[in-house]
Amino acid sequence: MLPIPVIIPVYGREDAFATVALLRAQPYADKLRFVIVDNGNKIELSARLKALEGADCRVISFPENRGGSAAYIAGVEYAMREFPESPYVWLLDDDAKPDVRTLPGLVETMDRLVREDLKTASLGSAVVSAADPDRIVECGAAFSPLLGHSFPKLRGKRISAVGERTVRVDYAAACSLLVRTEAVKTLGFWEDVFIHFDDIEWGVRATRAGWHNYATTASTVTHPEFDPKKAGAWVCYFDARNQYWFASKFGPLHVAVAWLKNKMKDVRARLTGELVDGNACRALAWRDYKAGLRRTRTEVIEKVKEVCR
């Protein structure tokens, strides 16, 4: 196995310490090159992350939280510059929990896919439930640009029943994604959109360019299922803003459908009383889309407070 860079952006969580310790204890640890992106963390956490540095680990520090997109972009650029011989880069969320077979399962399957399909761009792990590790949350997904909606593969099925299976997908979530550097050289990488739709856009872009994405149950990772109510209303801004950005790549009809979907979310929020503040975030997202503006999480929160004052 050639060296594999492992890109882990970190913001406000400590899971990365356990992940690095687990991976450093594996027989293949000498092949790993960790690239930790300290994404604007507080001083104490930043200092602890810096202590991970060594022959196998580099920490890239941002002075403020620039979002997962910018963190992954910086990590991939560093990895491809410093380890040009590496055929793959492993993207791993800081709250994703791999096991001892997560990376070997990806590499073994990717090696086979590349032999069979020279246009292989990426391979994702099957995401399994933290509460029930035998239940698949998703194994990659199909994506409808018109509906702006993902359709997860193998969702709800049991790993024990499915066995080892590799499926073609439009994209696989970047919480554990092996990306082929040859595809990045050809297609470019993500756009800096802070969070959400960055991995989907790249996967769909690759598919439209004739490349192929896959996901496999030969590799699994535990990852919390996203709950917008826990994340906060600010997430609604990025969901909407990036829907418009992505939809615009397909034409005005797709943008109109995205706008209608967000208006329906506004109505639902008013009827249920859930995440009502999200309506102001979605309104800001539409204004920013039309003006060509992008914001960070902090800027969104401050702007919405100003508008609602």
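Predicted model: local features only at pLDDT ≥ 70, side-chain atom pairs only at ≥ 80, totals over all residues.
**Cavity**

A search of the whole structure finds one cavity of 30 Å³ or more. The largest cavity holds about 90 Å³ of space. Its lining is made of 14 residues. Nearest the centre lie P145, G148, Q243, A247 and A258. By class, ten lining residues are nonpolar, three are polar and one is charged.

Helix α10 gives the most, with four residues.

Helix α10 also holds K263. K263 is partly exposed, because its relative accessible area is 39%, between the 20% limit for buried and the 50% limit for exposed. From K263 to A25 the C-alpha to C-alpha distance is 50 Å, and 238 residues separate the two in sequence.

**Aromatic pairs**

The structure holds 16 aromatic pairs. One of them joins Y244 and Y289, with ring centres 5.5 Å apart and planes at 40°, so this pair is tilted. The Y244 and Y289 pair links distant parts of the chain, 45 residues apart. Y244 sits in helix α9, and Y289 sits in helix α11 (residues 278-291). How accessible are the two partners, Y244 and Y289? Y244 is buried, at 2% relative accessible area. Y289 is partly exposed, at 23%.

Another pair is F246 and F250. Their ring centres are 5.5 Å apart and their planes meet at 70°, so the pair is edge-to-face; the cut-off for that class is over 60 degrees. F246 is buried, with 4% relative accessibility. F250 is partly exposed, with 23%.

Ring pairs also build a cluster. Its members are F143, Y171, F197, W245, F246 and F250.

**Charges over rings**

Two arginines lie over phenylalanine faces, R48 over F17 and R66 over F62.

| Charged residue | Ring | Distance to ring centre |
|---|---|---|
| R48 | F17 | 4.3 Å |
| R66 | F62 | 4.2 Å |

**Backbone at F194 and F197**

Which phi values do F194 and F197 have? F194 has a positive phi of about 75°, although it is not a glycine. F197 likewise has a positive phi of about 75° and is not a glycine. F194 is placed in the loop between α6 (181-187) and α7 (198-208). F197 is also in the loop between α6 and α7. F194 is buried, at 4% relative accessible area. F197 is buried too, at 10%. F197 is one of the residues in the ring cluster described above.

**S219**

Is S219 buried or exposed? S219 is buried, because its relative accessible area is 0%, and buried means under 20%. The residue lies in strand β12 (residues 212-222). Leaving out residues up to four places away in sequence, S219 touches T102, G105, L106, S125 and A126.

Notes: Residues numbered from 1 in each chain as written. Heavy atoms only, no water. 1 Å grid on protein atoms, 1.4 Å probe; cavity = no way out; pocket = protein on both sides within 12 Å on 5 of 7 lines; lining within 4 Å. Points joined across faces, edges and corners; volume = space filled by probe spheres on them. Helix = DSSP H or I, 4+ residues; strand = E, 2+ residues; numbered from the N terminus. Nonpolar A, V, L, I, M, F, W, Y, C, P; charged D, E, K, R; others polar. Buried < 20%, exposed > 50% of the residue type's maximum accessible area, 1.4 Å probe, protein only. Phe/Tyr/Trp six-rings, centres within 6.5 Å; stacked < 30°, edge-to-face > 60°. Lys NZ or Arg CZ within 6 Å of the ring centre and 35° of its normal. Contact = heavy atoms within 4.5 Å.
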